[in-house]
Amino acid sequence: MALAAPPRSGPVAADAPTVPSLAGLMEKELHWGMTHDEVIDVYNKVNGLFDREYAPLLATKQPGVDQQQLEADRDSRKTNLKRSYTEFLPGSPTGFDVTPIHLEYTYNNGEAVLKLFKDGKNRYMFFIKDRFWKLCDEIPAKADGPLGGTFQDAVTKLNTLFSVPGRIRPADAAQGLERTEADWQDGKSHLRAVDRSSEHLIGLYLADKVTEGNLSSLRVNKAVDPFALDPSIAAITKKGVSDPNAARTPGADAGKGKTPKR
């Protein structure tokens, strides 16, 4: 079975400061509970998010090669979005297991992800039982970027935007926190800003609070430790291992012949 690291633990939104709304962090056409096909359609349909992104560029081009290349690029991105759908199935490791999002999903629990690049950032959209419940935006950390050049810049900007200071949670492996985070919540969603300075990124993770609070019951299949002893071996060795030759006559040596009589 393919394994990721142990997932994040606990209903982390409970003590996060409350803000009026986090809805502006996600396109209005997206909402929690959509199927992956419905999410893909939001981007790929006629006049969808991809079409609206390319419309101003296409409007500047005369019919010809340049216009055709833009249309081909748009259509390629639509195809790539559909192909990016990845299910976290038992026995099927994915490349996501060695990325910073490896704590955001589990295997063998009906989970999956879509990935795309848009508006200058990578976005991951997570599903459980084919219900959209979380997205992760990787925002480049740049002095002139939307969240500034450092994690502290990002927290300061978000504190100002929400008019509420975020809760700071230091990295803590026992809680599934690989990196320092700041978080906020509203009535429906939980936002985590994650310090990914080593990658020159700020991670914004927005999750459905209802799903997040029910993860323990939704993730019924737990990851298996590949280094754990087989249960049958563990049972045999529970009381310790003894030398089967210890009760034999002292000095007996199966590899030594008798001394001949004189």
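Here are some questions and answers on how the labels for this predicted model come about.

This is a predicted model in which local features need pLDDT of at least 70, side-chain atom pairs count only at pLDDT 80 or more, and totals for chains, interfaces and linings use all residues. Residues are numbered from 1 along each chain as its sequence is written, and side-chain values use heavy atoms, with hydrogens and water left out.

Q: Why is Lys129 called partly exposed?
A: Buried means under 20% relative accessible area and exposed means over 50%, with partly exposed in between (1.4 Å probe, protein chains only). Lys129 comes in at 46% relative accessibility, so it counts as partly exposed.

Q: Why does Asp130 count as partly exposed?
A: Its relative accessibility is 28%, so partly exposed is the label for Asp130.

Q: What makes the phi of Lys129 worth a look?
A: Most residues other than glycine have a negative phi. Lys129 isn't a glycine, yet its phi is positive, near 55°. Asp130 also has a positive phi, about 55°, without being a glycine. (Helices, H or I with at least four residues, and strands, E with at least two, are DSSP runs numbered from the N terminus.)

Q: How do you know that the buried residues of H3 line one face?
A: The buried ones are Gln67, Leu70, Arg74, Arg77, Lys78 and Leu81. Looking down the axis of H3, they fall within an arc of 100° (taken from the directions from the helix axis to the C-beta atoms), so they line one face of the helix. The face turned away from that buried side carries exposed Val65, Gln68, Gln69, Lys82 and Arg83.

Q: What covers the buried residues of H3?
A: The cover includes H1 (36–44), H2 (49–59) and S2 (111–118). From its own side, H1 packs its buried residues against H2, H3, S2, S3 and S4, where contact means heavy atoms within 4.5 Å.
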